[in-house]
Amino acid sequence: MVVKDKVVVGISGGEFGVQGSVTAYNLKDGSKAWRAYSEGPDDQILFDANTTELGKPVGKDSSLKSWQGDEWKIGGGATWGWYSYDPQLNLFYYGSGNPSTWNPVQRPGDNKWSMTVFARNPDTGIAKWVYQMTPHDQWDYDGVNEMILADINVKGQPTKALVHFDRNGFAYTLNRETGALLVAEKYDPKVNWATKVDMQTGRPQVVGQYAPGDKGEDVNYKQICPAALGSKDQQPAAFSPKTGLFYVPTNHVCMDYEPFKVSYTAGQPYVGATLSMFPPPGENNLGNFIAWDAGAGKIVWSIPEPFSVWSGALATAGDVVFYGTLEGYLKAVDMQTGKELYRFKTPSGIIGNINTYSHGGKQYIAVLSGVGGWAGIGMAAGLTKDTDGLGAVGAYKALANYTQLGGVLTVFGLPQ
Amino acid sequence: MPLALTVAALALAAGLVLAAESDNAAEKPYTITDGKVDKKTFNGWRRYTESCLRCHGPDGAGSSYAPSLVDSAKHMTQDEFNEIVVNGRTNVNAASENVMPPFGEVEDVVSYLGDIWAYLKARADGAVGRGRPPRIGD
């Protein structure tokens, strides 16, 4: 993301034991302006005495205190997601990913600041506020999904909000100026790893049965919802200033998760868990496309989809919302009710983002199709067994009956 | 012609008998009961998945740039396997550009060479299918 005279960029590597970081480079000559790590000493994570969580200063060594020994040096917290910027507040926002390894037994503590929403000053990199959504992650619920900055009513109050649909299945509404937590509710009713988020402490109330590592490693923890790919992965949601609602492509997938001990070697994978994925027990749809009221924390309407909705959404001023499906449908639905208005089957599954633009006075809708990503890994990589692709293949096995590989741009012209 | 064929067939038969005998003589490195694998073989599967899959493909099936280990394990001894994994191997010529890096310093591989071998041998013998093998006690 380009902000003023700098470009801000993150890194991947949560499965290779990186020390996650975000770096700003000067546009002029590419020299490094600053680097802020996700974990480590305060001068590496760029926290100062004014850095807060839920309105309280986090204090000295907030990250170091939450790791055993030097584990933070290979602690993950990659920054591979999206970046948002508020020019009025001069803050930019992003989330950090899973702590390394996926075996939580090897890294006791809260593992700060993995799984965290950051608000940083782009000039200095200093963090103004943070909020850790999933302390001591036991599920690979990366916190990297997009931070949508919207001015909405929250419980009746006009609010400069940050809205985030986390992989852990909770949708968070925060005050983006102060970092105050305003709403944290499940956006898929099947989420079972936590009962709720304590609004005082901000901590999820974890259910032991669904918490890998609580009974040690080499134990298969079953029927945890959502799966590691999250109730939503990196496919972005859309906000409509017209309705004040968020339109969210979601996954409806659960998992079995078995952690095991691994050793770190630079450059080698550092995962340490085996996974299987499947629809929630008793159901057979793997996704929903929902409209979400981020002020109230409630689903307004929900459209079941046979597969995860792995496309980005597009909300328009014409009262129509668009999304794509893994079978390859582009769908147009009524923004208020979710009623389907139009569908078109593109040649392959849609994991891209729906776009709109105008040219010569005519408006167009465009989408790339070509199945892939975690949900499509079985087809894209020719995998066949349930646990392949970190467990994604089993859940999406039937996809091959509905679509095929490909790479096509489909453009629709709107009637004049 | 017929004579040559007969000789070849005899040689083949003799080879098969020898192979079968040596198979019986050598202890199998894996244990499978009612279609379920022992701890060692299961660990071999997950270590393979963690450290080897990215090049050699899921379940030892091979990929466009690394050979199928299910095939390799059919005509390789465990000593040869260990040697290649620990020290690596370069096989670059007009027909191939295979470079296997040494894994001698990768703890998750060298500590479990026997387990990974057991899993691949079970795959090579057709005793274990693709995917997560069911485990004794599961």
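Where is the place of A:Arg107 in chain A? In this predicted model, A:Arg107 sits in the loop that runs between β8 (91–95) and β9 (116–120) of chain A.

Although A:Arg107 is buried, the residue has no salt bridge. The nearest side chain of opposite charge belongs to A:Asp137 and is 4.2 Å away, whereas the salt-bridge rule asks for a nitrogen of Lys or Arg within 4 Å of a carboxyl oxygen.

Once the neighbours within four places in sequence are left aside, A:Arg107 is in contact with A:Trp67, A:Glu71, A:Pro99, A:Ser100, A:Thr101, A:Trp102, A:His136 and A:Asp137.

## Extent of the interface

Chain A contributes 20 residues to the contact between the chains, and chain B contributes 17 residues. Together the two chains bury about 1600 Å², of which 46% lies on carbon and sulfur atoms. On the chain B side, B:Arg46, B:Glu50 and B:Arg132 supply 36% of the area buried against chain A, more than any other three residues.

## Polar pairing and the chain B side

Four salt bridges are found across the interface of chain B and chain A, and the side chains of A:Glu258 and B:Arg135 meet in a salt bridge with an N to O distance of 2.8 Å. Between the two chains, nine residue pairs are in polar contact, counted where both residues are at pLDDT 80 or more.

In chain B, α2 (39–51) and α6 (107–110) each supply at least two residues of the side that touches chain A, and the largest share, five residues, comes from α2(B). By class, this side of chain B holds eleven charged, five nonpolar and one polar residue.

Conventions:
Residues numbered from 1 in each chain as written. Chains lettered and ligands numbered in written order. Predicted model: local features only at pLDDT ≥ 70, side-chain atom pairs only at ≥ 80, totals over all residues. Heavy atoms only, no water. Contact = heavy atoms within 4.5 Å. Buried area = accessible area lost by both parts, 1.4 Å probe. Polar contact = N/O pair within 3.5 Å; in protein donor to acceptor, adjacent residues only side chain to side chain. Helix = DSSP H or I, 4+ residues; strand = E, 2+ residues; numbered from the N terminus. Nonpolar A, V, L, I, M, F, W, Y, C, P; charged D, E, K, R; others polar. Buried < 20%, exposed > 50% of the residue type's maximum accessible area, 1.4 Å probe, protein only. Lys, Arg positive; Asp, Glu negative; His and termini not counted.
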